[in-house]
Amino acid sequence: MSPSFESTSLRTELFIDGMWQQATNGATFPVENPATNEIIAHVADGGTEDANRAIRAAERAQKAWATSTPRERADILRRAFELVIAGTDRLAAIMTAEMGKPLTEARGEVAYGAEMLRWFSEEAIRISGDHTTSVDGNSRIMITKEPVGPCVLVTPWNFPLAMGARKIAPAIAAGCTMVFKPAELTPLTSLALVEIFKEAGLPDGVLNVVTTSKASNVVENWTSSGIARKISFTGSTEVGKILLRQAADNVMRSSMELGGNAPFIVMADADIEKAVEGAMKAKMRNMGEACTAANRFYVHRSVIDEFSGKFAKKISELRVGNGALEGTDVGPLIEQKGLDKVQSLVTDAIEKGARVLTGGSSPEGPGYFYTPTVLTDVPLNANLMHTEIFGPVAAITPFDSEDEALRLANNTEWGLVAYIFTENVNTALRFSAELEVGMVGMNTGLVSNPAAPFGGIKQSGLGREGGKIGIDEYLEIKYTAIQT
Ligand code: ADP
């Protein structure tokens with residue numbers, strides 16, 4: 001039987017230089033279960049003194065870690081992969097308790113995060129350089145790669161395990177040390193992951209974790225330290241801009257996975273069953289709390305009734321409830337602020353003329369639940385067409401021509417992902433080329449994959465995570481000219 005959260009032992013301290021420890025001032029902050037509003041743990045509330053100790057530990061460990069062998073780093077990642085898989089039920093129970101997602105989704109996230117560890121265990125031993133000749137033939141050019149150096153990692157609450165794994169794994173593979181600040185709403189999963197890295201044999205000081213309720217103090221201590229050489233952040237565009245400004249002061253390498261406003265386009269010739277299935281994944285995974293979540297549905301006028309009717313029927317059949325109970329399809333939102341935002345976006349759309357096909361309300365508490373909702377005839381000036389909804393609400397709008405669909409899809413400052421459903425390969429390829437995004441889901445509602453470069457363009461971010469190039473974010477290039 002799966003372990004319940006109550007029977008799971010939890011790590012709640014900071015992890016600095018290989019040791020679990022309380023915050024210097026002994027402070028803690030509470031972690032809430034969003035399905036029940038119960039406080040499930042108190043976690044060490046690190047401050048700037050703790051941040052300082054963490055970055056210094058990373059600095060001390062960097063030199064030896066950079067000269068560790070690729071095989072050693074690969075083996076640590078491989079062991080961590082195996083431990084994560086073996087601990088799937090425990091990790092899923094922790095994640096569901098602090099974040100709310102249903103256990104089946106939490107297990108899926110554990111598998112995805114584990115795959116990141118396995119992928120980068122395989123990449124660690126394949127870091128290679130290049131060799132060429134100068135244009136005048138008088139010297140040789142040797143190109144080698146080195147770890148960037150100590151990295152600052154900051155992660156969000158929506159995928160507490162996968163977002164950490166997606167940064168820690170390539171950093172380990174490349175030979176970088178790290179200071180890591182997980183989201184304050186979901187620190188327990190990250191601490192459980194760190195425990196696994198220690199068990200897998202990661203040397204002291206390579207990965208240091210400071211949980212805190214004062215994110216800006218801790219992270220700014222690191223970005224201004226002059227020690228950190230890189231920052232990798234996943235979160236809102238707003239905070240990403242703050243961190244980019246901080247990174248500029250020390251010219252730090254920056255990887256930013258920021259917000260999205262994904263269009264989901266259904267052409268007249270789409271396979272509607274396939275489109276509905278893709279829409280369920282693209283909209284409802286993680287209660288819609290994903291930067292890749294479909295935010296705007298543009299559906300050709302000739303198929304809008306069929307698509308909307310079938311989609312709304314499926315959505316109305318979803319079971320909403322505590323994610324810890326088997327059979328739950330949709331858990332709560334993460335916090336009151338998120339619920340308020342979703343409610344006000346739906347109210348605004350209805351006031352501007354949208355029609356509710358299903359949902360449109362939030363049940364009585366406890367828990368931050370919102371009923372899965374489908375709105376159609378949503379006017380283009382509704383706020384939810386321009387704002388990341390981050391909730392289980394689908395907003396559908398008709399279009400009449402390919403050009404119109406493209407124009408609407410690209411009319412945003414974000415550019416993370418777009419979904420296009422069509423049975424015509426020429427249309428599909430045209431959209432793939434013209435959509436201003438980093439990722440395209442062609443007849444699929446899911447793009448995340450360890451073998452794929454995840455990331456966006458425009459204000460959705462900088463850099464890519466995963467895939468063959470994922471490790472490059474943690475490597476510097478050095479060129480040596482050799483006189484011959
Ligand atoms: P969300 O809106 O999804 O919560 P945020 O961008 O606010 O996303 O948070 C993502 C991560 O960034 C979290 O770990 C959070 O603690 C951290 N964070 C928030 N504000 C700041 C800040 N000013 N400086 C550094 N980190 C921050």
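The lining of the second largest pocket divides into 11 nonpolar, 5 polar and 7 charged residues. Here Ala, Val, Leu, Ile, Met, Phe, Trp, Tyr, Cys and Pro count as nonpolar, Asp, Glu, Lys and Arg as charged, and the others, Gly among them, as polar. The model is predicted: local features need pLDDT of at least 70, side-chain atom pairs count only at pLDDT 80 or more, and totals for chains, interfaces and linings use all residues. Residues are numbered from 1 along each chain as its sequence is written, and side-chain values use heavy atoms, with hydrogens and water left out.

Stay with this pocket. Its volume is about 430 Å³. A pocket is an open set of points on a 1 Å grid over the protein atoms alone, where a 1.4 Å probe fits, with protein on both sides within 12 Å along at least five of seven lines; lining residues have an atom within 4 Å of a point. Grid points are joined across faces, edges and corners, and the volume is the space filled by probe spheres set on them. The second largest pocket has 23 lining residues, and Glu-105, Lys-281, Arg-285, Asn-286 and Leu-446 lie nearest its centre. Helices α4 (103–124), α5 (162–174) and α9 (272–284) each supply at least two lining residues. The largest share, 5 residues, comes from α4. Helices (H or I, at least four residues) and strands (E, at least two) are DSSP runs, numbered from the N terminus.

Now move to the largest pocket. It holds about 1,300 Å³ of space. Of its 46 lining residues, Trp-157, Ser-236, Val-239, Glu-335 and Lys-337 are the closest to its centre. By class, the lining has 21 nonpolar, 13 polar and 12 charged residues. Helix α8 gives the most, with 6 residues. Where does the largest pocket lie? It lies between domain 1 (7–258 + 461–483) and domain 2 (262–449), because both give residues to its lining. The domain bounds come from an automatic or database domain assignment.

Last, look at helix α6 (residues 187–199). Its 13 residues reach 19 Å from first C-alpha to last, close to the 18 Å expected at 1.5 Å a residue. That expected span is 1.5 Å times one less than the number of residues. Helix α6 is mostly covered, with 10 of its 13 residues buried. Buried means under 20% relative accessible area (1.4 Å probe, protein chains only). Among the buried residues are Pro-187, Leu-191, Ile-196 and Phe-197. After α6 comes Gly-201, with a positive phi near 100°.

Note on methods: Buried means under 20% relative accessible area, exposed over 50%, partly exposed in between (1.4 Å probe, protein chains only).
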